[in-house]
Amino acid sequence: MWVAGEVAATVEKASQRTKIRPPAAAGLFYAGDARRLRATVSELLAEAQPSAKVLPKALIAPHAGYVYSGRVAAEAFATLRAGAQPVARVVLIGPAHFVAVRGIAGPTVDAFETPLGCVPVDRHALSAIADLPFVIAADAPHAPEHSLEVELPFLQALLPNFTVVPLVIGDAVPQDIAEVLRRLWGGPETLIVVSSDLSHYHDYDTARRLDGATAAAIERGEWESLGPNQACGFLAVAGLLVEAGRRRLTPQRLSLCNSGDTAGSRDRVVGYGAWVVEQTAAAA
């Protein structure tokens with residue numbers, strides 16, 4: 001029979017074996033206090049315009065500070081409010097902003113943390129793509145990266161229990177990303193979230209024109225026309241479009257604006273858009 005000290009030592013050893021990626025954007029891109037963060041996310045979701053009931057298979061959402069892009073992101077994530085599908089796994093992909101990546105980087109950690117708690121990493125899903133030559137295991141690109149992290153509080157507020165497959169995109173091609181998505185597509189238990197902002201640092205009117213053209217290209221599935229001038233996460237978006245097109249699925253626009261419409265000046269703005277790809281039985 002174990003004594004209390006032995007139990008405590010075992011628990012401590014188990015916690016030491018659990019590798020957690022701590023938040024890098026808390027207090028910067030969103031509130032670092034759990035109560036304030038929960039209230040902010042709830043308010044943004046409550047303000048999201050109700051849309052026709054859909055069963056989202058994939059979402060495209062921005063990843064700037066919530067004061068700038070939170071309203072647009074909420075339009076994407078609000079499609080999950082109906083709770084009509086049992087999402088248990090989220091494949092979360094976005095660009096690497098800080099650390100160069102050759103290919104697509106999955107983490108070795110066991111969980112991603114935000115002020116709202118820890119989200120377990122789906123190690124089984126990462127194992128399913130580990131044999132692909134362009135997929136690497138590396139924590140360094142994830143450590144400072146905000147593009148994935150800022151989407152998690154919305155998911156935590158809406159999904160009772162889920163695992164995450166965090167993938168940071170570096171030097172890759174859209175077909176690589178499409179192959180990853182093909183393997184992880186799954187059924188209604190799997191949601192794909194692509195994290196990307198649109199144009200950067202143009203004046204307001206130029207950004208509106210550029211982002212309007214980019215939005216139209218996304219909605220036509222024209223992934224070849226996307227580049228770094230259109231969206232920082234253009235590779236992740238293009239990869240989704242390749243696989244969605246193969247399954248005859250089309251993104252539907254939910255919102256399109258820029259930081260000049262939300263909290264910034266109109267001299268140098270960043271564009272934001274939200275789209276949903278609806279699951280159909282034929283495309284499963």
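Begin with the largest pocket, which holds about 280 Å³ of space. Of its 14 lining residues, select A64, D197, H200, Y201 and V270, which are the closest to its centre. On a 1 Å grid over the protein atoms alone, a pocket is an open set of points with protein on both sides within 12 Å along at least five of seven lines, a cavity is a set where a 1.4 Å probe fits but cannot get out, and lining residues have an atom within 4 Å of a point. Grid points are joined across faces, edges and corners, and a volume is the space filled by probe spheres set on those points. Strands β10 and β12 each give at least two residues to the lining of this largest pocket.

Before moving on, please note that this is a predicted model, in which local features need pLDDT of at least 70 and side-chain atom pairs count only at pLDDT 80 or more, while totals for chains, interfaces and linings use all residues. Residues are numbered from 1 along each chain as its sequence is written, and side-chain values use heavy atoms, with hydrogens and water left out.

**Helix α7**

Select residues 204-220, which form helix α7. Helices (H or I, at least four residues) and strands (E, at least two) are DSSP runs, numbered from the N terminus.

Now colour Y204, A207, D211, T214, A215, A217 and I218, which are buried (buried means under 20% relative accessible area, exposed over 50%, and partly exposed in between, with a 1.4 Å probe and protein chains only). Why do they lie on the same side of α7? They cover an arc of only 160 degrees around the axis, which puts them on one side, the arc being that of the directions from the helix axis to the C-beta atoms. An α-helix has 3.6 residues a turn, so residues three or four places apart point the same way.

Turn to the face of α7 directed away from its buried side, and you will find the exposed residues D205, R209 and R220. Among the elements that cover the buried residues are β2 (56-61), α8 (234-246) and β11 (251-258). At the start of α7, a side-chain oxygen of D203 comes within 3.2 Å of the backbone nitrogen of D205, and after the helix comes G221, with a positive phi near 75 degrees.

**The largest cavity**

About 50 Å³ of space lies in the largest cavity, whose lining includes I60, T214, I218, F234, V237 and W275. The elements that give two or more residues to this lining are α7 and α8.

**H142 in its loop**

Finally, select H142, in the loop between β7 (135-137) and α5 (152-158). Is H142 buried or exposed? At 2% relative accessibility, H142 counts as buried. The side chain of H142 reaches the backbone oxygen of A105 at 2.9 Å. Leaving aside neighbours within four places in sequence, the residues in contact with H142 (heavy atoms within 4.5 Å) include R21, A105, F112 and P166.

Key
Expected span 1.5 Å × (residues − 1). Polar contact = N/O pair within 3.5 Å; in protein donor to acceptor, adjacent residues only side chain to side chain.
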